[in-house]
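Keep the model open while reading.

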Amino acid sequence: MALPASPRRAPREHRPLSDAALPLLPEAPARPSAEAEPWARSLVRGARDVAALVARGLVDPADAPALTAVVERYQMLVSDYYLGLIDRDDPHCPIRKQALPDPAELRPAPGERPDPIGDGPHGQADILVHRYPDRALLFPTLRCPMFCRYCFRKVALNDSPIRLRRALDGALAYLAAHPAIREVILSGGDPLMLPDDRLDDLLGRLRSVGVRRIRIHTRFPVTLPMRVDRALARRLAAHRPLYVVTHFNHPRELTPQSRAALGQLVDAGLTVLNQAVLLRGVNADAGVLAALFEGLLDAQVRPYYLHHPDLTVGTGHFRISLDEGLAISGALRGRLTGLAWPTYVIDIPGGGGKVPVDSRWVRPLAPGVWRLESPIDGAVTRYVDPGYCASTVSS
Ligand code: SF4
């Protein structure tokens, strides 16, 4: 890729990142070592295959073959901690639905795609996505503390792992050459999969090429909160302005441990926001979301976005219609303080950007058919709502 001739600033010298591949799962050791951090032990003791779920009594052995077929396509990883939140007596447990495989993942629905929001066409330098003029996504890893079953990058996360050291120089050169990019969002994959030293080093390198603001999107406070300790929070706070965006979807995820993790971040002086995804069978209910958003506010976390589910292949069983989403979002207005209202947004399929659903960029054309207008370039997309079809069929 040709870069413009005059970069805004040459990268400062930094010690190189370790040559080793990221110490990420599923390559992590099968047994916890005595020296491992508690969070790493919880991950190692967690479940990576269906046999582990059967052994814990979370899955009927008769269902194992069908679920194994799912895990062969979309890998599974759930920490010991998050498994412990599952209500064994509730077959519709919202924690279970987010973490354990479902045969429905192998039944693609019309309109679904592997790259729903067009990361690929906007990719740069292997680990960057440059969709908006002023900000870019950077993937330090494609590994996570849990493979959430509804994830919009579920196909990418099952792809080859990223080797950060190899890709980072190119990404930094691209950022240096594009001074309009003022904000970098670390996502993926979960950036907190990096050890503290390497994360610190990465943040310093981003600063060295003139990036003004950094966002870290992480689900660790939800699925493995022990990862977030005082030392990590202080390291992150040293790179302010840095915003941490968590990803709580259900009030039952707000446990004493997760509140403690959030407290570490807040006490270190970081601004913490939350984005949730509206998911059928998990939180597509105004009462559930009201409890979640109030709980987050109590933990000093501002609800930021409520995402309409993307058209990701294998996630149709989580999808609701835009009409249902608008009804839920509207119901929240009457019962919650404005501080607790996230913006209900949809990502325009293919990469047109994110737009508030209740706005001029989203207009109904016919029942179940919408006109979505890109806030980036004005391009119009005709959106046939598969959630509408599903809700019509099921009603
Ligand atoms: S932590 Fe985020 S990126 Fe990783 S699987 Fe879950 S939703 Fe996807």
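In α7, Asp196, Leu199 and Asp200 meet Ala231, Leu232 and Arg235 of α9. The residues of this contact divide into three nonpolar, no polar and three charged. The model is a predicted one.

How do α7 and α9 run relative to each other? Their axes cross at roughly 10 degrees and come within 10 Å. Angles under 35 degrees count as roughly parallel, and α7 and α9 are therefore roughly parallel to each other. Helix α7 spans residues 196–208. Helix α9 spans 230–237.

Helix α11 covers 286–298, and helix α12 covers residues 322–333. They pack at an angle of about 50 degrees, and their axes are 9 Å apart. The two helices are therefore oblique to each other. Their crossing is right-handed. On the α11 side, Ala286, Leu289 and Ala290 take part; they meet Ile328, Ala331 and Leu332 in α12. By class, the residues of this contact are six nonpolar, no polar and no charged.

The two pairs are set out below.

| Helix pair | Angle | Axes | Orientation |
|---|---|---|---|
| α7 and α9 | roughly 10 degrees | within 10 Å | roughly parallel |
| α11 and α12 | about 50 degrees | 9 Å apart | oblique |

Next, the loops. The loop between α9 and β6 (242–246) holds Pro241. Is the peptide bond from Arg240 to Pro241 cis or trans? The bond is cis, with omega near 5 degrees.

Helix α11 is followed up here too. Gln300 sits in the loop between α11 and β8 (302–307). Gln300 is a residue other than glycine, yet its phi is positive, near 65 degrees. Is Gln300 buried, exposed or partly exposed? It has 14 other C-beta atoms within 10 Å. A residue is buried at 20 or more such atoms and exposed at 12 or fewer, so Gln300 is partly exposed.

Last, the ligand. Which residues surround it? Cys144, Met146, Phe147, Cys148 and Cys151 are among them. Arg153 and Leu157 also belong to the shell, as do Gly188, Gly189 and Asp190. By class, the shell has six nonpolar, three polar and three charged residues.

Conventions. Residues are numbered from 1 along each chain as its sequence is written. This is a predicted model: local features need pLDDT of at least 70, side-chain atom pairs count only at pLDDT 80 or more; totals for chains, interfaces and linings use all residues. A residue is near a molecule or strand if its C-beta atom, placed from the backbone, lies within 6 Å of it. Ala, Val, Leu, Ile, Met, Phe, Trp, Tyr, Cys and Pro count as nonpolar, Asp, Glu, Lys and Arg as charged, and the others, Gly among them, as polar. Helices (H or I, at least four residues) and strands (E, at least two) are DSSP runs, numbered from the N terminus. Axes are lines fitted to C-alpha atoms, for helices over the stretch in contact, and angles run from 0 to 180 degrees between N-to-C directions. Angles under 35 degrees count as roughly parallel, over 145 as roughly antiparallel, 65 to 115 as roughly perpendicular and the rest as oblique. A crossing is left-handed if the near helix is turned anticlockwise from the far one by less than a right angle, and right-handed if clockwise. Two residues are in contact if their C-beta atoms, placed from the backbone, lie within 7 Å.
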